[in-house]
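Work through the two exercises below with the sequence and the model open. Each task is followed by a solution in steps.

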Amino acid sequence: MLTSADLVDRIRAYQPAVDAQMITMAYAYSEQAHAGQQRKSGDPYFVHPVSVAGILTELRLDAASVCAALLHDVVEDTLATLGDIEEAFGKEIADLVDGVTKLSKINFTSKEDRAAENFRKMVVAMAQDIRVLLVKLCDRLDNMRTLEHMKPEAQERIARETLEIYAPLANRLGIARFKTELEDLSFKYLEPQAYSDLSVAVAKTQRERERYIDDVSRVIGQRLAEQGFAAEVDGRAKHFYSIWRKLQSHDCTLEQIHDLIAFRVIVESVSDCYACLGVVHSMWTPVPGRFKDYIALPKPNMYQSLHTTVIGPDSERIEVQIRTHDMQRVAEQGIAAHWKYKERHSGGVSDADAKKFGWLRQLVEWKDELTDPAEFLEGVKVDLFQEEVYVFTPKGDVKVFPRGSSPIDYAYSIHSKLGDHIVGARVNGKLEALRYKLRNGDVIEVVTSNSQQPSRNWLDFVITTRARSRIRNWLRQEEREKSVRLGRELLERECHRVSISLTKLLKSEHEVRRLTEAMKVQTFDELLLALGYGKIDAHDVVDAIAPPADDGKAVVPASIKENAVARAVRKVINRDDSAIVLNGIDDVLVRYAKCCSPLPGEDILGFITRGRGITVHRRSCARAFDTDPERRVEIAWDAKAKIDREVQVRVTANNKTGILADVGQTFSDLKVNVIEANCRAGDDGRAISLFTFNCGDMNKLRDVMKALGKVRGVTAVERL
């Protein structure tokens with residue numbers, strides 16, 4: 001176990017002006033606070049905070065971070081309070097300890113809402129000081145190194161959250177060695193048999209592989225030295241989790257995977273990197289499509305390097321990574337390599353470097369935008385932890401997206417209005433559909449139309465959190481507006497029934513206030529919203545406006561009573577029936593009953609469903625009359641609206657060659673797109689086929705059924 005003097009010496013090596021007394025005091029404070037406590041392994045608990053502090057010194061973090069590491073469990077596991085920490089060590093260290101303490105109870109796998117809410121807390125702490133996350137990562141790494149002492153269920157839970165959250169975060173912070181170690185340790189506990197088998201298989205060839213690495217490293221080093229380059233060359237086998245994922249994705253054996261070894265070449269300058277690449281390619285044949293230039297196009301975590309795969313000695317595929325010493329330092333330490341030591345606390349990272357970590361600002365924005373914790377965590381996993389694809393704007397700027405993103409994701413990343421009105425995209429000059437998946441190197445130009453609006457179908461293929469949240473917000477706003485309109489129509493209909501003038505009612509602040517208080521809502525719009533969703537019955541609202549007398553008739557105050565002229569006007573303009581007009585509403589406010597699948601043109605009836613708006617039935621549907629008469633409403637189709645509904649018909653025909661082709665041709669001639677078809681032949685010589693297709697109205701359905709009935713061999717056509 002490291003002593004306080006060891007920690008001071010380590011920090012002094014990169015921060016000569018370290019406050020040694022503060023480190024020594026934090027060490028003693030933590031040791032005393034944790035006295036008598038033990039870990040699951042039986043070791044003194046104090047071993048853990050010292051180990052975390054030691055890992056932080058490997059990242060060359062400042063004294064405040066190391067003190068926070070020593071004290072990070074004191075508030076949670078002992079009688080000490082944050083006030084005590086602040087009094088003894090100052091606000092900066094107390095804030096770091098507070099941030100890490102909040103994170104220690106995160107459980108990402110059991111109750112997802114609670115897990116996501118805790119993750120939001122981590123975002124708050126990260127936004128104030130990125131060192132909170134660095135301390136937490138070191139804490140998690142030490143816990144994973146000693147996970148064998150935990151119960152199996154705890155091992156799996158901790159390993160899964162590490163693999164899903166902390167390893168990707170380490171990757172985003174650019175700390176490659178943390179990422180690989182966390183992944184391998186998680187793999188060990190999540191797939192113990194696969195880990196064991198792979199360990200044995202790799203161990204069998206370890207000596208041979210080490211000899212191969214030494215030989216190739218020597219060959220590369222000698223050739224580069226001959227060309228005048230001062231280069232450091234070393235090699236390593238890829239880590240277990242990476243190998244296992246490749247085995248899973250390629251469904252192959254270890255012997256069939258060739259590029260298990262990567263060589264790293266470290267040179268003096270960027271120009272040397274490209275020159276050395278030429279030397280390597282002159283030595284061995286490069287594999288087409290396996291060259292990546294992360295120097296010209298750095299990864300979002302600031303990683304830079306040239307990657308190439310070549311056919312090396314003994315016909316083995318080997319990967320060669322070429323970078324400078326500065327790039328190597330960033331690859332190993334990530335954001336910690338950009339740490340700026342200043343007299344006063346300033347967040348730790350320079351403004352120039354902070355811009356490269358735009359995803360941190362994204363997290364903070366999403367924390368405020370996405371109120372649903374589960375949606376927030378989903379967005380984090382998708383946007384931050386997936387592989388990236390690099391595309392270009394028409395001006396040549398680079399934009400990075402999760403793999404699988406669409407032009408819609410691209411459009412929303414530029415501006416919300418551009419996303420709302422996108423109808424397509426020119427990809428490399430060619431017009432592509434909205435479902436197109438972006439590829440590395442694509443040049444994207446968005447095509448828009450003012451008449452276009454976001455569609456619920458877009459959620460089936462957009463990837464990024466920004467796009468999904470913007471589409472959902474637009475749909476929710478539309479849903480709200482439609483619900484308010486629907487609620488007003490329902491209330492107008494019910495008010496008209498008892499001769500109440502809604503217009504007069506709304507002019508009276510006293511009556512509106514009395515009504516909202518009676519219905520226990522804040523505003524009149526909130527009342528209409530609840531009516532539209534069916535959460536409140538219009539009949540109950542009217543009873544609150546005009547309570548019924550002993551004879552059951554509503555007593556309407558004279559100030560809001562509808563006059564004779566208004567009733568006459570209503571009749572003249574044909575609105576006396578107060579029917580609600582369906583004009584294309586197709587979301588949760590209006591649902592079409594599956595029992596009868598009503599079509600435009602058919603006589604229909606509505607039923608107010610609690611919390612689900614209006615359910616539409618055919619008037620002849622038996623189930624419509626099983627509903628509560630008090631909750632039925634008159635509705636009608638809007639003649640101008642385009643409402644496509646799914647319809648299913650059953651076609652019975654003689655089982656003969658070509659009958660299905662003839663039926664299919666009939667659909668084609670009528671320009672009807674069949675969504676689904678289910679065909680089977682019976683033992684009685686008949687063939688029964690079920691066809692599902694979209695239909696705009698009853699006239700179209702009649703035409704389709706009539707045409708199908710004329711096909712030779714068809715004996716019956718019926719709607720289901």
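Contact here means heavy atoms within 4.5 Å. The model is predicted.

**Exercise 1. Helix H3**

Task: Check the span of helix H3 (residues 47-58), then find which of its residues are buried and which helices they pack against.

Solution: 
- Step 1. The expected span is 1.5 Å times one less than the number of residues. For the twelve residues of H3 this should give 16 Å, and the end C-alpha atoms are 17 Å apart, so the two agree.
- Step 2. Count a residue as buried if its relative accessible area is under 20%. Nine of the twelve residues of H3 pass, so the helix is mostly covered.
- Step 3. Those buried residues are His48, Pro49, Val50, Val52, Ala53, Gly54, Ile55, Leu56 and Thr57.
- Step 4. They pack against helices H1 (4-12), H2 (20-33), H4 (63-71), H9 (131-145) and H11 (176-190).
- Step 5. Just past the end of H3, Arg60 has a positive phi of about 65 degrees.

**Exercise 2. H2 against H6**

Solution: 
- Step 1. The crossing of the two helices is right-handed.
- Step 2. From H2, Met22, Met25, Ala26 and Tyr29 meet Asp84, Ile85, Ala88 and Phe89 of H6.

Note on methods:
Residues numbered from 1 in each chain as written. Predicted model: local features only at pLDDT ≥ 70, side-chain atom pairs only at ≥ 80, totals over all residues. Heavy atoms only, no water. Helix = DSSP H or I, 4+ residues; strand = E, 2+ residues; numbered from the N terminus. Buried < 20%, exposed > 50% of the residue type's maximum accessible area, 1.4 Å probe, protein only. Left-handed = near helix turned anticlockwise from the far one by under 90°.
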